[in-house]
Amino acid sequence: GYCVISVLETMKTYSAEDGLTEEALVTKLRTCRYHHLFLHRSLKHNSSGTCRWGEFGEGGLLWGECNARNFEWFEGNPVNELLFKVKELYGLDNEVTFRNVTVSSENRPRPLHLGTATQIGAISTEGIPCLLKVLLPSNCTGLPILYVKDLLLNPPAYAIALTIQAICKRMSRVTCSIPEFTCVSSAKLVKLLELKEANHIEFCKIKNVADEILQMYGNSELNEILKLLMDPTWVATGLKIDFYKLVNECEWVSHRIGELISLDDHRDQKVRSYPAIPGDFFEEMESSWKGRVKRIHLEEAFAEVEKAAEALSLAVTEDYVPIISRIKALTAPLGGPKGEILYVLVDEICRGTETSKGTCIAGSIIETLDTIGCLGIVSTHLHGIFDLPLATQNTVYKAMETEYIDGQPRPTWKLTDGICKESLAFETAQREGVPETIIIRAEELYLSAYAKDSSKPRKDTEVDCVTSDIDARSFDKGNDQLSSIRKKTMHSTIASTNLMEVLRREVESAVTNICQNALLEFYKKKNMSELAVVNCVLIAAREQPPPSTIGASSVYVLLRPDKRLYVGETDDLEGRVRTHRSKEGMENASFLYFLVHGKSIACQLETLLINQLPSQGF
């Protein structure tokens with residue numbers, strides 16, 4: 001049969017599948033996402049079956065599929081040559097190694113035929129709906145559907161399939177709350193970490209994944225499911241790891257990130273405020289970086305920012321407020337200011353009109369401000385203003401300084417003497433996601449139309465990035481330091497958590513007593529012999545109800561962060577939890593719930609709790 005080799009550059013892995021039929025290979029080409037396609041020259045000499053790579057390109061199904069795509073021929077050892085081409089394409093050193101993550105294809109069922117896969121919508125085809133959307137629940141979207149599609153198109157070995165079935169059966173019987181199961185793109189994450197561009201959001205996601213694994217490990221119901229998940233995960237990723245090593249590594253990663261990244265408690269990183277400066281200013285300046293890294297690691301930086309904020313407040317209070325006071329003092333009795341403005345700040349002057357005339361209007365305004373001796377700043381991208389014969393005596397030119405890091409211009413946010421006729425427009429467009437083809441064409445147009453007007457080349461500032469390796473021998477010492485930090489900084493968080501835990505236990509006890517007594521009376525009236533058992537289950541922050549609650553009637557109590565309670569009933573507990581948590585300040589809210597027989601009983605118990613919980617001090 002045919003062999004297909006897949007190389008994942010970001011993960012530095014490759015895998016091979018052989019024994020494929022022509023149809024299976026075409027199916028794989030239609031469903032997998034790849035950037036480059038290479039075909040081995042041995043295909044040209046294959047005259048068997050329905051596929052012929054002849055001199056004039058006539059052939060069967062595989063030829064038709066590949067001929068419609070961009071591909072390149074190669075020869076020699078398939079794996080070695082393919083890895084060489086990948087390194088060449090991505091500019092990787094020859095020393096870079098790729099791990100073989102091939103999973104044996106023995107003893108596995110055949111995949112769907114191409115026609116069958118197309119007819120049921122497993123392969124996206126215009127005009128054919130996906131049957132999986134009918135088979136699965138309406139709220140099941142995204143990754144679950146992709147996984148089921150992959151199982152149909154690339155079925156695992158029978159042993160792995162049985163394991164997946166066992167996991168589903170166990171999960172359907174779980175009675176405890178389950179993790180949210182954070183999903184992240186491993187390839188994207190590896191790339192960000194490799195380039196040292198991962199921000200606090202990515203690190204929080206990594207910690208969430210690690211914490212969810214630890215939660216499953218620590219729960220008797222979920223522990224067995226976690227163990228069973230190891231082999232299907234190995235088949236899906238090609239990465240095999242010891243179960244207890246996974247748990248230990250997750251503990252270390254979660255602990256390490258938790259000591260560095262600011263997660264929930266930002267009380268020591270509040271945005272500053274001063275009477276003379278609008279609050280929005282500090283909100284815009286500080287909200288983009290505060291609350292990311294714990295303050296204890298950035299005390300010097302925080303001190304510098306606070307010093308600058310105080311200096312700004314002092315400058316505004318001493319220089320600007322008196323001007324406003326003077327204007328107000330000189331206001332005419334019937335309104336209309338008579339005071340003069342001594343300072344101006346004009347941003348992007350005359351940008352709303354035709355460029356040449358707008359440039360001349362801007363030049364005239366600058367001349368006027370210069371003549372009356374007004375102090376201020378005028379910023380502009382109208383570079384033609386520098387070529388006008390302006391009659392100014394007191395005007396000086398300043399430019400935003402830039403430096404080159406790894407061949408890319410970066411602003412230093414400092415003003416320097418002189419004129420700059422360039423901008424970071426192309427770099428900004430690239431950063432904001434404008435397609436590369438558009439940017440390349442824009443650069444060509446710019447060079448053809450404006451190259452003769454461009455200013456002298458700027459001097460590149462070489463900036464070296466200094467990194468340091470962490471000695472593994474300092475691990476224990478670092479852990480000791482981190483532990484001492486944790487004891488100091490986490491005290492208030494632990495105290496707050498303890499208060500919520502006390503409230504939860506009190507609420508659970510009250511709810512159990514009230515509802516159990518009510519159910520006893522209800523069953524007695526109905527002459528029913530059922531046991532009136534109320535089993536309250538906690539849904540903690542970043543957890544969700546188990547699958548066993550789907551379609552079942554339940555009564556729940558929302559434990560709000562302000563210690564108040566919300567009581568409700570529903571047949572869609574997962575949806576209700578999601579709705580509550582979508583509201584501001586409720587992202588980490590906890591819930592208590594219990595299942596009942598039917599919506600009628602749920603409604604009665606909801607009303608009973610609403611009426612009786614306040615009388616017990618809630």
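Select helix H18, residues 491-525, and show the side chains of Glu-508 and Arg-504; both lie in this helix, four residues apart, about one turn of the helix. Helices here are DSSP runs of H or I with at least four residues, strands are DSSP runs of E with at least two, and both are numbered from the N terminus. The two side chains meet in a salt bridge, at 2.7 Å from N to O. A salt bridge means a side-chain nitrogen of Lys or Arg within 4 Å of a carboxyl oxygen of Asp or Glu. Arg-504 is buried at 14% relative accessibility, and Glu-508 is partly exposed at 24%. Buried stands for under 20% relative accessible area, exposed for over 50%, and partly exposed for what lies in between, with a 1.4 Å probe and protein chains only.

The model is predicted, so local features need a pLDDT of at least 70 and side-chain atom pairs count only at pLDDT 80 or more, while totals for chains, interfaces and linings use all residues. Residues are numbered from 1 along each chain as its sequence is written, and side-chain values use heavy atoms, with hydrogens and water left out.

The structure holds 23 salt bridges. Select Arg-581 and Glu-180 next: they form one, with the closest N and O atoms 3.6 Å apart. How many residues apart are Arg-581 and Glu-180? They are 401 residues apart, and the pair links distant parts of the chain. Arg-581 sits in helix H19, and Glu-180 in the loop between strand S6 (178-179) and helix H8 (186-194). Arg-581 counts as buried at 10% relative accessibility, whereas Glu-180 is partly exposed at 36%.

Then select Asp-417 and Lys-398, whose closest N and O atoms are 2.5 Å apart in another salt bridge. Asp-417 is in strand S10 (residues 408-417) and Lys-398 in strand S9 (residues 398-405), so this pair ties together parts 19 residues apart in sequence. Asp-417 is exposed at 60% relative accessibility, and Lys-398 is partly exposed at 48%.

Two strands count as paired if DSSP finds at least two bridges between them.

Val-557 stands opposite Leu-592 in S15. Contact means heavy atoms within 4.5 Å. Axes are lines fitted to C-alpha atoms, for helices over the stretch in contact, and angles run from 0 to 180 degrees between N-to-C directions.

**Two crossing helices**

Select helix H10 (residues 220-237) and helix H11 (residues 243-260): their axes come within 10 Å and cross at roughly 110°. H10 and H11 are therefore roughly perpendicular to each other, a term for angles of 65 to 115 degrees, where under 35 would be roughly parallel, over 145 roughly antiparallel and the rest oblique. Show Leu-226, Lys-227 and Met-230 of H10 with Phe-243, Tyr-244 and Leu-246 of H11 to see the residues that make the contact.

**The hairpin at S1 and S2**

Move to strand S1 (residues 2-8) and strand S2 (residues 13-20), which pair in the antiparallel sense over six bridges. Ile-5 stands opposite Ala-16 in S2. The hairpin has four residues between its strands, and Lys-12 takes a positive phi near 55°. Lys-12 also belongs to a network of salt bridges with Glu-9, Lys-191 and Glu-194.

**A loop glycine**

Last, select Gly-76, in the loop between strand S4 (72-74) and helix H3 (78-90). Gly-76 is partly exposed at 42% relative accessibility. Leaving aside residues up to four places away in sequence, Gly-76 touches His-40 and Glu-81. Its C-alpha atom is 9.5 Å from that of Ser-42, 34 residues apart along the chain.
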